[in-house]
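This note sets out some remarks on the structure shown below.

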Amino acid sequence: MAKVELTMPKMGESIIEATILKWVKNVGDTVEEDDTILEIATDKVDSEVPSPVEGTIEKILFKEDDVVAVGEVIAVISTNGVESASAQPSEAKHQEVAVEMPQTSSEVPIPATASSAISRTDSKGRFYSPLVRSIAEEESLNMQELEQIEGSGAQGRVTKNDILAYIGQRKQTIAPVSKPQATPAPKPMPAVTNHTPSFSANGETEIIEMDRMRKLIADHMVMSKHTSPHVTSFVEADVTNLVNWRNKVKGPFQQQHGEKITFTPIFVEAVAKAIQDFPMVNVSVQDNKIIRKKYINIGMATALPSGNLIVPVIKNADRLNLLGLTKEVNGLANRARNNQLKPEEIQDGTFTLTNVGTFGNVMGTPIINQPQVAILAVGAIRKKPAVMETEYGDVIAVRQMMFLSLSYDHRVVDGFLGGSFLRKVADYLEDFDGERKI
């Protein structure tokens with residue numbers, strides 16, 4: 001009889017641990033391949049973990065609400081076949097995990113603290129994740145308030161975005177009432193909570209504790225700056241043909257294919273073509289080695305309703321036509337905003353695109369998404385007077401212009417490569433066929 005170890009899956013390049021929400025299967029249960037064994041969550045994704053094999057659950061090594069490091073063995077499945085020596089988890093290994101886990105728990109909400117005041121389930125049987133319970137505890141929400149929040153997650157579950165939205169509305173409601181209370185020389189109020197106060201003593205400064213996702217983003221950005229010497233190059237592109245084509249076809253495109261076409265899939269297409277021309281931009285660095293990726297997986301930075309950022313990945317972007325890219329872009333963006341991304345949809349990116357023009361910015365100097373070596377920012381498209389060369393001489397005309405900026409890792413991408421790649425992306429956008437069929 002063989003024993004297969006089920007490990008905590010990697011949920012993204014910046015994710016180092018996940019919380020076990022619920023065991024769907026118990027010890028002794030039989031499972032088919034791809035049957036859901038447990039549900040896990042991070043601040044980025046809620047996901048189900050399927051069984052990799054057919055067999056019987058022999059051991060479950062962690063409890064619900066436990067925070068488990070990526071790659072740790074969480075269960076053992078017995079199957080018919082020859083037993084593998086490496087398949088058996090050692091007791092020493094799990095004892096070591098038990099010692100290490102408290103070191104990381106200071107960076108995340110501690111489930112045990114949250115559960116002391118907030119129950120895992122409410123009177124209707126709705127489950128609350130450790131993160132939601134921790135936020136509720138920090139914001140002094142009681143169970144009655146929590147039950148009033150309408151959940152957008154699976155089976156009506158309250159997500160982080162749901163509870164943060166409720167807290168924001170709650171503060172706006174309370175603020176007008178609390179403001180008149182500011183009187184000259186008031187007596188200090190006794191402390192009623194143990195956590196850090198949200199406001200300073202004079203009421204002029206608000207102290208906001210970073211949520212776990214923001215901490216991860218901050219750590220990842222600082223690490224990237226420490227890892228890579230950043231250089232940023234800029235070009236300006238005339239995208240008039242592209243804009244006119246999209247304005248002409250966006251209605252028929254949606255009617256014919258059922259998809260709204262934005263500029264993003266067109267940008268992704270141009271980037272994928274340019275990477276094929278300059279493959280040394282599609283690399284990573286490991287020690288003194290350059291790892292060249294022969295697949296082109298383009299991440300697109302996506303802003304979440306909470307204000308945080310996530311980077312879903314378009315896999316094998318060079319193999320998709322414009323319709324395929326449009327479907328991928330729209331599908332990933334919608335799932336990102338609804339917190340429905342699967343773990344594999346935020347993994348294995350080789351290059352990142354961020355659209356700062358969405359916020360009305362004309363250009364930016366983005367930070368590289370490690371372990372990649374380059375990231376492209378596209379700015380807002382604006383009408384500007386530009387000089388055009390014609391057979392009758394130079395003329396000034398109103399054109400649709402856009403800045404593109406490329407930040408790259410100067411350890412392996414020098415100015416010639418980075419600048420040439422960026423110019424190539426702009427060339428593909430400028431040379432867009434205005435008569436292209438949909």
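1. Helix α8 (residues 264-277) packs against helix α10 (residues 415-430) at an angle of about 135°, and their axes lie 9 Å apart. The axes are lines fitted to C-alpha atoms, for helices over the stretch in contact, with angles from 0 to 180 degrees between N-to-C directions. α8 and α10 are therefore oblique to each other (under 35 degrees counts as roughly parallel, over 145 as roughly antiparallel, 65 to 115 as roughly perpendicular and the rest as oblique).

2. The contact (heavy atoms within 4.5 Å) involves Ile266, Phe267, Ala270, Val271, Lys273, Ala274, Ile275 and Asp277 of α8, and Phe421, Lys424, Val425, Tyr428 and Leu429 of α10. By class, 10 nonpolar, no polar and 3 charged residues make up this contact; Ala, Val, Leu, Ile, Met, Phe, Trp, Tyr, Cys and Pro count as nonpolar, Asp, Glu, Lys and Arg as charged, and the others, Gly among them, as polar.

3. The model is predicted: local features need pLDDT of at least 70 and side-chain atom pairs count only at pLDDT 80 or more, whereas totals for chains, interfaces and linings use all residues. Residues are numbered from 1 along each chain as its sequence is written, and side-chain values use heavy atoms, with hydrogens and water left out.

4. An open sheet of 4 strands runs in the order β5-β4-β2-β7, with antiparallel pairing. Helices (H or I, at least four residues) and strands (E, at least two) are DSSP runs numbered from the N terminus, and two strands pair if DSSP finds at least two bridges between them. β5 (46-50) and β7 (67-69) are the edge strands, each pairing on one side only. From one strand to the next, the twist averages 40°. Within the sheet, β2 is joined to the antiparallel strand β4 (residues 36-41) by 4 bridges, and Thr19 stands opposite Ala41 in β4.

5. Where does Lys25 lie? Its place is in the loop between β2 (17-23) and β3 (30-31). Lys25 counts as partly exposed because its relative accessibility is 21% (buried means under 20% relative accessible area, exposed over 50%, partly exposed in between, with a 1.4 Å probe and protein chains only). Beyond its neighbours within four places in sequence, Lys25 contacts Thr30, Val31, Thr36, Ile37, Ile57 and Ile60. Lys25 and Ile60 are 35 residues apart in sequence, with a C-alpha to C-alpha distance of 9.4 Å.

6. Strands β10 (residues 283-286) and β11 (residues 289-292) run antiparallel and are joined by 4 bridges. Val285 stands opposite Ile290 in β11. The hairpin of β10 and β11 has 2 residues between the strands, and Asp287 takes a positive phi near 55° there.
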